[in-house]
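Keep the sequence and the 3D view open as you read.

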Amino acid sequence: QVQLVESGGGLVQAGGSLRVSCAASGLTIRRYVMGWFRQAPGKEREFVARISESGSTRYADSVKGRFTISRDNAKNTVYLQMNSLKPEDTAVYYCAAGSVLPGRYEYHYWGQGTQVTVSS
């Protein structure tokens, strides 16, 4: 049974930092594309960052230069380091595991999410 469990969310002031984690079980993260998504109240879920099997990374323009995705294969855990946080980063952050299909990425497994709140 695959499980992705996010942790590390919380309340932080604008300009601060937070690191959220995604611990995986039932799958080996180095064999998947691992992504972070977020959903703010009243908005659709949006892509934040991903790291491929090869270790290459991709970020949404809104977080580029502030957020860093990484993984620890030994711990089977993916991280999202968030610096210079802004109130508009407030959202529930979700971890996902997926694969590359022709022309797109498809995410098969999702975590339950962790709340990140940035106060102004």
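Predicted model: local features only at pLDDT ≥ 70, side-chain atom pairs only at ≥ 80, totals over all residues.

How many of the 7 residues of strand 4 (residues 33-39) are buried? In it, 6 of the 7 residues of strand 4 are buried. Strand 4 is therefore largely enclosed by the rest of the structure. The cut-off behind that reasoning is a relative accessible area under 20%.

Start with the partners of strand 4. Strand 9 is one of them: the two run antiparallel and are joined by 7 bridges. Strand 5 (residues 46-51) is another partner. It also pairs with strand 4 in the antiparallel sense, over 5 bridges. Here G35 stands opposite R50 in strand 5. Strands 4 and 5 form a hairpin, with 6 residues between them. In that turn, G42 has a positive phi of about 80 degrees.

Follow the chain out of strand 5. S52 sits in the loop between strand 5 and strand 6 (57-59). Is S52 buried or exposed? Its relative accessibility is 11%, so S52 counts as buried. The side chain of S52 makes a polar contact of 2.7 Å with the side chain of S56. Leaving aside residues up to four places away in sequence, S52 touches Y32, V33 and R71.

Strand 3 and strand 8 (residues 77-82) run antiparallel and are joined by 6 bridges. S21 stands opposite Y79 in strand 8. Strand 8 also pairs with strand 7, again in the antiparallel sense and over 6 bridges. In this pairing, T68 has Q81 of strand 8 as its bridge partner. Strands 7 and 8 form a hairpin with 4 residues between them.

That turn deserves a stop. N76 lies in the loop between strand 7 and strand 8. Its phi is near 55 degrees, a positive value in a residue other than glycine. Most residues other than glycine have a negative phi. N76 counts as buried, because its relative accessibility is 15%. What lies across from this turn? The C-alpha atoms of T28 and N76 are separated by 6.5 Å, although the two residues are 48 apart along the chain. T28 is in the loop between strand 3 and strand 4. With a relative accessible area of 26%, T28 is partly exposed.

S84 has a phi near 50 degrees, and S84 is not glycine either. S84 lies in the loop between strand 8 and strand 9. Its relative accessible area is 42%, so S84 is partly exposed.

Next, the disulfide. The count for this model is 1. Which cysteines does it join? C22 is joined to C95, with an S to S distance of 2.1 Å. The pair links distant parts of the chain, 73 residues apart. C22 belongs to strand 3 (residues 18-25), and C95 to strand 9 (residues 91-101). The torsion about the S-S bond is about -70 degrees, so the disulfide is left-handed. Both C22 and C95 are buried.

The largest nonpolar core has 29 residues. Which residues have the most contacts inside it? They are W36, L80, M82 and Y93. The elements that give two or more residues to this core are strands 3, 4, 5, 7, 8, 9 and 11 (114-119).

Methods: Residues numbered from 1 in each chain as written. Heavy atoms only, no water. Disulfide = S-S within 2.5 Å. Buried < 20%, exposed > 50% of the residue type's maximum accessible area, 1.4 Å probe, protein only. Pairing = 2+ DSSP bridges. Core = buried A, V, L, I, M, F, W, Y, C linked by side-chain atoms within 4.5 Å. Polar contact = N/O pair within 3.5 Å; in protein donor to acceptor, adjacent residues only side chain to side chain. Contact = heavy atoms within 4.5 Å.
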